Amino acid sequence: MGLKTGEWRRCRAFPAPPHHGGWQQAPASGERRLLRSLTDGSHPSTAQAAGSEFVHPPGNSLQPTASSLHGGRLLRHARCLCSNADGHYSELLWRNFRQRFGTMQYDYSKNRDEHPEPIKADVNGLIPEWLQGMLIRNGPGLFSLGETRYNHWFDGMALLHSFTIKKGEVTYRSKYLQGDTYNSNMQANRIVVSEMGTMAYPDPCKNIFSKVITFLSHTIPDFTDNCANNIIKYGNDYHATSETNYIRKIDPMTLETQEKVDYLKYLPVNIVASHTHYDKEGNSYSMGTCIAEKGKTKYTLFKVPGGSGSDGSPPLKSAEVVCTVPCRSLLTPSYYHSFGMTDNYFVFIEQPLKLDVLKMATAYLRGVSWASCMKFHPEDSTLIHLIDRKTKKEVGIKFYTGAMAVYHQVNAFEDDGHVVFDVICYDDNSLYEMFYLDKLKEQMGADTMYCKPKCKRFVLPLSDMGETGEDLVKLKYTTASAVKEKEGKVLCQGEVLCDGVELPRINYNFNGKKYRYSYMCCVDISPVATKIVKFDAETKQKIEWTGGDCFASEPVFIPRPDAVDEDDGVVLTCIINAKPVQGGFLLVLDGKSFKEVSRACIDVDFHMDMHGYFIPDSS
Ligand SMILES: [Fe+2]
């Protein structure tokens, strides 16, 4: 007996474990596709979805969605499954849903055009007078060249773009970062420089002996200068960055590529996190790892003074090491992407997502990517290092929690003898894994093996005075705990503030301070965001903005000059139209109400980017 229109049943094809409340997991890609249709708004019953609550056909109750580690694999649980009477999913039904509601697809592997000449936007609504400056964003834009292609989306060649806002008008331009990597690749008309997820060989015809010789020069990898992740300010200079020892200075006005800067000339760091912190004096703080000196592997926090480089020298010439933290395992340092900073402390999460230095050294010869040398160790704990900025030493308490993978820290602050920090965390390294271009193609239009990120709050007590077994967290507003196990050792458990969010930004004037609001991409269903969200950490309330058939990039909060309220300002985000012929727009939202103030429409098929930096006109 087939499935009648509007009929909903539990699937009987795959027995559900009791703790799933009778609702089952999708075991294969075909079925996952159907599940996706149930959760992406393309399903009739979910078309009126509001936030994470889905409307369901009358007469049935909903189960909350969750992800869990089950049988060694992360599987998404369904709220409801659509099946025919035999207990199998109806592909016909799925196709009907698709025809009726369509699917939004973002082609991650599509090469994008650059638009180096300024394009004037068509502005709808009124851009606030005080909003003057430039939003520069960075992300991968070119994924294949000649007969070669990158394996991973993060590997794509850096395409910078900027929105210049002046007197209510907006101009747009974009330009590829023309570093050594870009120039070598273009000259050869193929990918000849390796990226994290793609090992490239300059001459594929070379025999094994010449490969061995080249291998020797790759033992300590000479990394790429394809800086496609973020924009960092050192001194008065702006740089495109990824996470290697190279950054590229850029001209923010024209997006022209300027000098190549090698961290290794100034500091012992081969890998540097692409997120930096700034203090009120304009000093920058970054963190890197020295992986080259075996046996001396360590993490280094360094400061680049504001205003340095004014004499024409690279600002990094004035860099000073703030402190170093030894790696807990010398040959397998942790990967990290960001860290936290308060007035008195740095927070560094040494997570069990580790780089195997020895494997990296032989990756070239073995013909595998460096990314294959990065492994998540669920059996390990996560160490949380709290470093006193005055003494430049770690506090005497060893804080740890269960295995997790963190890319982005939201904020950190001190409160009544505690350090509180909020992070976006995963149960494994599925964030990196899901961005392989083949996987993205496979997953597009299908429900994914998606490990939904959680925004978690951790609290570190600054004293471990108390009984063994006592929860040392005394703050009333959080359920995060820090239980004393023995003298100097504390087990932390985070509080989940919300889930399905990524790419967090805050009012940076509140960085390191007690804060309420964060602005994030909503990745509730898949890693590609169709909504952005304002989250209130105090009330746990969310306000969402969605524009229908579009994809949203990281929302950047710009405070109104002299504002008192934390959320007094605007949020800027770059919106990609799912129908590229219609172009995209820069969206301006009110920071308080999260309502649209204006949009600057540009007839360009934007690329999905990673991070942005706003340069106000005053600077
Ligand atoms: Fe990032």
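**Briefing: strands, core and annotated histidines of a predicted model**

Strand 26 and strand 27 run antiparallel and are joined by nine bridges; two strands count as paired if DSSP finds at least two bridges between them. The structure is a predicted model, in which local features need pLDDT of at least 70 and side-chain atom pairs count only at pLDDT 80 or more, whereas totals for chains, interfaces and linings use all residues. Residues are numbered from 1 along each chain as its sequence is written. The protein has seven helices and 41 strands, where helices (H or I, at least four residues) and strands (E, at least two) are DSSP runs numbered from the N terminus.

**Overall composition**

- Of the 619 residues in the protein, 48% are buried; a residue is buried if 20 or more other C-beta atoms lie within 10 Å of its own, exposed if 12 or fewer, and partly exposed in between, with C-beta atoms placed from the backbone.
- Among contacts in the protein with a separation of 6 or more, 59% are between residues 24 or more positions apart; two residues are in contact if their C-beta atoms, placed from the backbone, lie within 7 Å.

- Strand 26 (residues 405-415) is mostly covered, as nine of its eleven residues are buried.
- Alanine 412 stands opposite phenylalanine 421 of strand 27.
- The hairpin of strand 26 and strand 27 has two residues between the strands, and aspartate 416 takes a positive phi near 45 degrees there.
- The largest nonpolar core holds 151 residues, of which Val347, Val501 and Leu586 touch the most other members; such a core is a set of buried Ala, Val, Leu, Ile, Met, Phe, Trp, Tyr and Cys residues joined through C-beta atoms within 7 Å.
- Strand 27 (residues 418-426) gives the most to this core, contributing seven residues.
- Not counting residues up to four places away in sequence, valine 347 touches Phe339, Gly340, Ile384, Leu386, Ala412, Val419 and Phe421.

- Four strands form an open sheet in the order 32-33-34-35, with antiparallel pairing.
- Its edge strands, each pairing on one side only, are strand 32 (501-505) and strand 35 (542-546).
- Direction ignored, neighbouring strands of this sheet are turned by 25 degrees against each other on average; the axes are lines fitted to C-alpha atoms.
- Strand pairing in a sheet occurs through backbone hydrogen bonds, either parallel or antiparallel.
- Three bridges link strand 32 with strand 33 (residues 517-522) in the antiparallel sense, and glutamate 502 has cysteine 521 of strand 33 as its bridge partner.
- Leucine 503 is located in strand 32 and has a positive phi of about 50 degrees although it is not a glycine.
- Leucine 503 counts as buried because it has 23 C-beta neighbours inside 10 Å.

**Annotated histidines**

- For "binding site", an unreviewed UniProt entry lists His275, His337, His408 and His611; the positions follow the numbering used here, and such annotations may be inferred rather than shown by experiment.
- These residues are spread over 337 residues of sequence yet cluster in space, with a largest C-alpha distance of 12.5 Å.
- Histidine 275 lies in the loop between strand 14 (271-272) and strand 15 (277-278), and is buried because 20 other C-beta atoms are within 10 Å.
- Beyond residues up to four places away in sequence, histidine 275 touches Asn230, His337 and Ser338.
- Histidine 337 belongs to the loop between strand 18 (320-326) and strand 19 (340-341), and is buried, with 20 other C-beta atoms within 10 Å.
- Leaving aside neighbours within four places in sequence, histidine 337 is in contact with Ala273, Ser274, His275, Tyr407 and His408.

**Helix 5**

- Val357, Met360, Ala363 and Tyr364 are buried in helix 5 (residues 357-366).
- Seen down the axis of helix 5, the buried residues fall within an arc of 90 degrees, so they line one face of the helix; the arc is that of the directions from the helix axis to the C-beta atoms.
- Leu358 and Arg366 are exposed on the other side of helix 5.
- Glycine 367, with a positive phi near 75 degrees, follows helix 5.

**A further positive phi**

- Phenylalanine 594, a residue other than glycine, has a positive phi near 60 degrees.
- Phenylalanine 594 is placed in the loop between strand 39 (584-590) and strand 40 (596-602), and is partly exposed, with 19 other C-beta atoms within 10 Å.

How values were computed
Axes fitted to C-alpha atoms, helices over the stretch in contact; angles between N-to-C directions.
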